[in-house]
Amino acid sequence: MRIADETIEQIRQQADIVELIGSYVELKQAGKQYKARCPFHQEKTPSFFVTPETGTYKCFGCGVSGDVFRFVMDMEHLPFLDAVRFLAERYHIPIESADPEEARRRTLRARDDQINAAAAKFFYHNLLKSKRAQSYLMGRGLKGKSVNEFYLGYADGSGSSLLRHMTQQGFATEDLLRLGLIARSNRGSGFYDKFRDRLIFPIVSLQDRIIGFGGRSIGDKNPKYLNSPDSEVFHKGEHLYHLNAARKLSKRERLILVEGYMDVVSLDYHGVHEAVASLGTSLTEKQAALIKRYAPKVYICYDGDGAGIRAARRAIAILEAVDITPKLVVLPDGKDPDDVARQEGAEAFYGYLDQAMDPLDFELRLLKAGYDLETPAGRLDFLPSAIDFLAAIPQATKRAVMAQEVAQLAGVTPESIESDLAQKRAAREAAQAKAPAASPSYASPTFAPPEESFEEDETEPFDGDPWEPFDIEFPETGIQVERKLAVERYRLERELVRFLWADAAWEESLGELADSFIADPGLQEALLTIRRLRQAGLPPQEELLGSVHLSPEARESLSAVQSEGEAPEGEMVQSLEFRVRNFMLRERRQQIEREIRESATSEASRREALFQELMDVERRLRAGRGGL
C-alpha cells in the first residue's frame with residue numbers, strides 16, 4: 001500500500017522527537033537541545049544531541065543522524081514504510097488508503113484495540129478486589145509492583161461476569177467471540193467467559209497496545225495455560241511476551257528467552273528485566289527474527305526438566321536458522337527460572353547466565369557423560385561417537401575448535417583424528433547428496449532420544465509400603481532366606497539410585513554407601529553416568545539420560561528405578577540409610593552361617609573366628625541404627 005506524501009509529512013510534524021527518543025534513552029536538557037549517551041554505540045560521555053526545533057538528532061561520536069523516521073528504522077530495525085506505520089500508530093494518525101479491504105481491516109483493528117483495553121481494565125480491577133488471586137500471587141512471592149507493571153488481572157470463576165460487563169459497555173458478542181474472550185455454550189445459544197478462575201497476563205505489542213491475553217489457572221482447572229486465539233491484531237507466533245518493555249532497556253545487551261509468563265514476571269520482580277517468553281507455543285522463526293532485531297545476545301533459559309530441555313533444543317535450531325548462536329542456560333536439579341528468582345534472587349540467576357553454554361559445548365558435555373574417559377577403553381569407545389559429532393558440524397571453524405576439545409578429552413592430538421573426521425565428512429556429504437531433504441544438524445544421531453522412554457516397569461507393580469521390603473512369605477531355610485535377601489537387595493539398590501538421582505544433596509550421606517553396596521553392573525553404570533552429567537553442569541533428567549550413551553544393561557536398570565514421585569526428604573534418607581546398613585548386617589550374618597555350615601570341623605581356628613564375627617553382627621543388629 002502506498003502512503004500519501006501528505007500523511008508522511010503529517011507524521012513528521014506531529015511526532016514529538018524528544019518524547020520518542022526519550023522513551024529509549026535518558027535525555028537531559030542542554031539549552032535548546034537535549035543530550036544523552038548514544039543508543040547506537042557505547043560511550044561514557046554524552047555526545048548524542050536532539051534538536052526539537054528541527055526534529056532531528058546527531059551523534060558527534062559515531063556520526064549517526066536523522067529524523068523520527070530514521071530513528072525508528074535504526075532502533076526497531078524496520079523498513080521505511082513499517083517505520084511510518086509504527087509512528088502513525090504511536091501518535092494516532094490515520095493512514096488513508098484507497099483499498100476498501102485495508103480500510104475495513106483498519107476499522108476492525110481499532111475496534112479490537114478498544115475491546116482488549118476494556119477487558120484488561122476489567123480483569124485488573126477484578127484482581128484488586130479478589131483475595132483469592134492476591135493470595136495466589138503472594139504465594140508465588142509477588143506483590144503489587146508486578147500487578148501494576150504488567151497490568152495483571154483476574155478472571156473470576158462465575159462464568160459470565162466479563163460477558164455481562166462487556167455487553168453493558170456496548171461491545172458485540174460476535175466481536176468478543178472472535179477475540180476468544182467468550183465461547184459459545186454447547187447447551188444452546190448462550191455464551192460464557194472463556195477465561196475462568198485464572199490469573200490474566202495482558203499481551204502487549206511493540207506499539208504498546210494490548211492485543212491478547214494469557215490465563216494461568218490458579219486452581220485445578222486444565223489446561224494450566226489458556227491463550228487468546230489468533231485474530232486481526234494478534235498472531236501468537238509473531239509476538240513475544242514482555243518484548244515491548246525489554247526492548248526499551250537503555251543498557252540492553254541481551255534477551256533471556258524463558259518459557260512462561262510467570263517466569264518473566266517473577267524474574268522482573270526480582271531484578272532481571274530482560275526476559276521474554278513465547279506465547280504458549282514453540283518458538284517460531286518470526287519470533288526468532290524479533291529477537292535478532294532487538295538483542296545482540298540471546299540466552300535460552302527454559303525449565304530444567306525433560307520437556308524444557310527438548311524445547312530448548314528446538315529453540316536452538318530455530319534461532320540458528322536466522323543466524324543467531326544462542327547460549328544455553330541449564331538450571332540445576334530441574335528448577336525453572338521462577339524457582340531460581342524466588343529462592344536465590346537475581347544475583348544467583350545472573351551467575352547461572354555466566355555459566356551458559358554454547359549449544360555445541362552442551363552436546364559435547366552430554367556426549368562425554370556416557371563414557372569413562374579415565375580409562376583407555378572408555379576413551380577408545382568415546383572416539384567413534386565423537387567423530388560422528390564433529391562430522392555433523394557444518395561450519396569448518398566451529399568443527400576445528402570442537403576437534404581440539406575432543407582431542408583433549410580423548411588424550412590424542414587434533415591431527416590424529418583428522419583422517420577419520422575427513423572420511424566421516426565425505427560419507428555424510430555423499431549421503432546428503434543422495435537425500436538432500438534430510439538437512440541434518442550438527443547433533444550426532446547418538447543424541448536422538450530412544451523410542452522407548454525408561455518409565456517404571458509396570459509388569460510387576462509394587463503396591464506395598466515403598467519404605468518396607470517386599471512382604472513375601474519364605475520358609476526360613478538357608479536357601480529361602482537368601483532368596484528373600486536377594487529380593488530385598490534388588491529393591492534397596494534401586495532405592496539408593498533413585499535417591500541419588502533425585503537430588504545431589506544426598507551424595508554426602510548416601511554416596512559412599514551406594515558405592516560399597518550396589519552390585520548390579522547396570523545400576524553402577526547408570527549411577528556413574530548421573531554423576532558425570534552433574535559434573536558437566538547438566539541436570540540428570542530423563543531427557544538427557546535418554547540421549548547419553550548407555551549399555552543396554554544400564555538402560556534396563558534405569559527403567560526399573562522410580563524416577564518420579566515424592567522427592568526424598570531428610571527422614572526418608574535416614575530411613576533408607578538405616579535399612580541398607582541393617583540389610584548389610586543381615587546379609588553378612590547369612591554368609592557367616594553358610595560358611596560355618598560348609599567349613600570342616602578340623603578348621604577350628606577359622607570356625608572360631610566366624611563364630612566371633614557372628615556374635616559381633618548379632619550384637620550390632622540388636623543395637624539398632626544399622627549397627628552404627
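D208 is partly exposed, with a relative accessible area of 37%, and belongs to the loop between β9 and β10. Its phi is positive, about 65°, although D208 is not a glycine. The model is predicted, and its chain holds 25 helices and 15 strands. Of the 628 residues in the chain, 46% are buried. Among contacts with a separation of 6 or more, 65% are between residues 24 or more positions apart.

**Residues with positive phi**

- H92 also has a positive phi, near 55°, and is a residue other than glycine.
- H92 lies in the loop between α4 and α5.
- H92 counts as exposed because its relative accessibility is 72%, the cut-off for exposure being over 50%.
- D208, at 37%, falls in the partly exposed class because that class covers the range between the buried limit of 20% and the exposed limit of 50%.
- G271, which follows α11, has a positive phi near 110°.

- An open sheet is formed by four strands in the order β6-β9-β10-β11, with antiparallel pairing.
- β6 (153-155) and β11 (225-227) are the edge strands, each pairing on one side only.
- From one strand to the next, the twist averages 30°.
- Helix α11 (residues 261-269) packs on this sheet and touches β9, β10 and β11. The direction of α11 makes about 80° with that of β9.
- Seven bridges connect β9 (residues 198-204) with β10 (residues 210-217) in the antiparallel sense.
- Within this pairing, R198 stands opposite S217 in β10.
- In a regular strand, side chains alternate between the two faces of the sheet.
- Helix α11 is mostly covered, with eight of its nine residues buried.
- The buried residues of α11 are Y261, M262, D263, V264, V265, S266, L267 and D268.

- β12 (residues 254-258) pairs with β14 (residues 297-300) in the parallel sense, over four bridges.
- I256 stands opposite Y299 in β14.
- β14 is also joined by two bridges to β15 (residues 327-328), and these strands run parallel.

**The largest pocket**

- The largest pocket contains about 1,400 Å³ of space.
- The pocket is lined by 39 residues, and those closest to its centre are R85, E89, R109, Q207 and R209.
- Each of α4 (80-90), α5 (100-129), α10 (243-246) and α12 (285-294) supplies at least two residues of the lining.
- By class, the lining of the largest pocket comprises 17 nonpolar, six polar and 16 charged residues.

**Cavities**

- Rolling a probe the size of a water molecule over the atoms shows where empty space is left.
- The model has two cavities of 30 Å³ or more.
- The largest cavity has a volume of about 100 Å³.
- The largest cavity is lined by 13 residues, of which D303, I309, L328, V329 and V330 are the closest to its centre.
- Helix α13 (residues 306-321) gives the most to this lining, with three residues.
- The lining of the largest cavity divides into ten nonpolar residues, two polar and one charged.

**A312 in helix α13**

- A312 is located in helix α13.
- A312 is classed as buried because its relative accessible area is 5%, below the limit of 20%.
- Leaving aside residues up to four places away in sequence, A312 touches I300, Y302 and L328.
- A312 and L328 are 16 residues apart in sequence, and their C-alpha atoms are 7.8 Å apart in space.
- L328 is also among the residues closest to the centre of the largest cavity.

Methods: Residues numbered from 1 in each chain as written. Predicted model: local features only at pLDDT ≥ 70, side-chain atom pairs only at ≥ 80, totals over all residues. Heavy atoms only, no water. Pairing = 2+ DSSP bridges. Axes fitted to C-alpha atoms, helices over the stretch in contact; angles between N-to-C directions. Contact = heavy atoms within 4.5 Å. 1 Å grid on protein atoms, 1.4 Å probe; cavity = no way out; pocket = protein on both sides within 12 Å on 5 of 7 lines; lining within 4 Å. Points joined across faces, edges and corners; volume = space filled by probe spheres on them. Nonpolar A, V, L, I, M, F, W, Y, C, P; charged D, E, K, R; others polar. Buried < 20%, exposed > 50% of the residue type's maximum accessible area, 1.4 Å probe, protein only.
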